[in-house]
Amino acid sequence: QVQLVESGGGLVQAGGSLRLSCATSGRTFSSYVMGWFRQAPGKERDFVAAISANGGSVYYAPSVKGRFTISRDTAKNTVYLQMNSLKPEDTAVYYCAASITGWDIPPPRNPLQYTYWGQGTEVTVSS
């Protein structure tokens with residue numbers, strides 16, 4: 001079992017930055033691929049980024065590549081999403097998730113491949 005709690009969302013001006021955090025509990029944090037997803041009103045939940053269990057590999061959706069950075073801190077059992085150069089179209093509820101699916105290229109991008117989910121944190125980017 002693992003529990004995930006996101007934080008760090010809020011309102012930010014276009015071009016600004018936010019850092020989302022996902023705190024996890026449980027002994028097996030380091031065994032999971034961790035992903036970030038986002039869901040805007042009326043839209044499907046979309047893949048944003050993923051990081052391998054050991055933190056050695058990362059993968060980004062084309063829409064955020066070059067602007068967002070995913071990282072993890074095993075000592076703190078926490079995964080982060082640094083979001084720079086934010087755009088209004090980044091507005092969504094952001095969710096972190098954990099998957100036991102093995103890392104591949106591309107990594108797990110389907111929400112069904114992720115077992116554990118946080119409650120979400122809302123990000124609003126104003127123009």
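Predicted model: local features only at pLDDT ≥ 70, side-chain atom pairs only at ≥ 80, totals over all residues.
Arg 38 forms a salt bridge with Asp 90 (a side-chain nitrogen of Lys or Arg within 4 Å of a carboxyl oxygen of Asp or Glu), and the closest N and O atoms are 2.8 Å apart. Arg 38 lies in strand β4 (residues 33-39) and Asp 90 in the loop between β8 and β9 (92-99), so the pair ties together parts that are 52 residues apart in sequence. Strands here are DSSP runs of E, at least two residues, numbered from the N terminus.

Now colour the pair by accessibility. Buried means under 20% relative accessible area and exposed over 50%, with partly exposed in between (1.4 Å probe, protein chains only). Arg 38 is buried at 12%, and Asp 90 is buried at 1%.

Arg 67 sits in the loop between β6 (58-60) and β7, 23 residues from Asp 90. Arg 67 has a relative accessibility of 11% and counts as buried. With all three selected, the salt bridges that share partners join Arg 38, Arg 67 and Asp 90 into one network. The salt bridge count is two.

Finally, go to Ala 75, in the loop between β7 (68-73) and β8 (78-83). Ala 75 counts as exposed, at 77% relative accessibility.

Residues are numbered from 1 along each chain as its sequence is written, and side-chain values use heavy atoms, leaving out hydrogens and water. Local features need pLDDT of at least 70 and side-chain atom pairs count only at pLDDT 80 or more, while totals for chains, interfaces and linings use all residues.

Conventions: Helix = DSSP H or I, 4+ residues; strand = E, 2+ residues; numbered from the N terminus.
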